[in-house]
Amino acid sequence: MGCCIGFSILAGAPRFGLAMLWLFTDRLTIAFSSFWIGLVGFLLLPFTTIFYALAYAPIRGVSGIGWAFVVLGLILDIGTYTGGRRSQENYRTA
């Protein structure tokens with residue numbers, strides 16, 4: 001049950017989900033060697049940052065299907081930015 005709630009939060013509000021990951025787990029500190037990399041990911045690419053942090057393994061890094069999830073996160077981030085721009089243009093013309 002908690003897993004479903006967690007994924008719902010991550011899907012609906014990725015920055016809030018990242019904040020919860022940072023507060024309640026150590027996934028972000030394991031995945032990123034620097035605070036600044038995590039902060040830039042939080043500000044610019046939240047879905048990609050989430051998927052990278054969840055797919056990262058301490059010894060071998062991200063491999064295999066983990067990279068597919070990271071690419072999916074990048075596609076979601078790009079879609080969020082372009083979808084918002086398209087919606088804004090439709091609002092102006094209406």
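1. In the protein chain, residues 24 or more positions apart account for 57% of the contacts with a separation of 6 or more, a contact being heavy atoms within 4.5 Å. This is a predicted model, in which local features need pLDDT of at least 70 and side-chain atom pairs count only at pLDDT 80 or more, while totals for chains, interfaces and linings use all residues. Residues are numbered from 1 along each chain as its sequence is written, and side-chain values use heavy atoms, with hydrogens and water left out.

2. The secondary structure of the protein chain consists of six helices and zero strands. Along the sequence the pattern reads α-α-α-α-α-α. Helices (H or I, at least four residues) and strands (E, at least two) are DSSP runs, numbered from the N terminus. Of the 94 residues of the protein chain, 24% count as buried. Buried stands for under 20% relative accessible area, exposed for over 50%, and partly exposed for values in between (1.4 Å probe, protein chains only).

3. Two packed helices are described by the angle between their axes and the distance between the axes. For helix 2 (residues 14-24) and helix 5 (residues 46-55), the axes come within 9 Å and cross at roughly 35°. Axes here are lines fitted to C-alpha atoms, for helices over the stretch in contact, with angles running from 0 to 180 degrees between N-to-C directions. The crossing of helix 2 and helix 5 is left-handed, that is, the near helix is turned anticlockwise from the far one by less than a right angle.

4. Helix 2 contributes Pro 14, Arg 15, Leu 18 and Leu 21 to this contact, and helix 5 contributes Pro 46, Phe 47, Thr 49, Ile 50 and Leu 54. By class, the contact has seven nonpolar, one polar and one charged residues. In this scheme Ala, Val, Leu, Ile, Met, Phe, Trp, Tyr, Cys and Pro are nonpolar, Asp, Glu, Lys and Arg are charged, and the others, Gly among them, are polar.

5. Within helix 2, the buried residues include Pro 14, Gly 17, Leu 18 and Leu 21. These residues lie on the same side of helix 2, because they cover an arc of only 100° around the axis; the arc is that of the directions from the helix axis to the C-beta atoms. Leu 23 and Phe 24 are exposed on the other side of helix 2.

6. Five aromatic pairs are present in the structure. Rings of Phe, Tyr and Trp (its six-membered ring) pair if their centres lie within 6.5 Å; planes under 30 degrees apart count as stacked, over 60 as edge-to-face and the rest as tilted. Phe 35 and Trp 36 form an edge-to-face pair, because their ring centres are 5.3 Å apart and their planes stand at 75°. Both Phe 35 and Trp 36 are exposed.

7. The pair of Tyr 52 and Trp 67 is tilted, because the ring centres are 6.2 Å apart and the planes stand at 55°. This pair links distant parts of the chain, with Tyr 52 in helix 5 and Trp 67 in helix 6 (residues 65-93), 15 residues apart. Tyr 52 is partly exposed at a relative accessible area of 22%, and Trp 67 is partly exposed at 44%.

8. Ring pairs join Phe 32, Tyr 52, Tyr 56 and Trp 67 into a cluster. Phe 32 sits in the loop between helix 3 (27-31) and helix 4 (35-44) and is buried, with a relative accessible area of 12%. Leaving aside neighbours within four places in sequence, Phe 32 is in contact with Ile 37, Gly 38, Thr 49, Tyr 52 and Ala 53.

9. Arg 27 lies in helix 3 and is partly exposed, with a relative accessible area of 21%. Not counting residues up to four places away in sequence, Arg 27 touches Ala 53, Leu 54 and Tyr 56.
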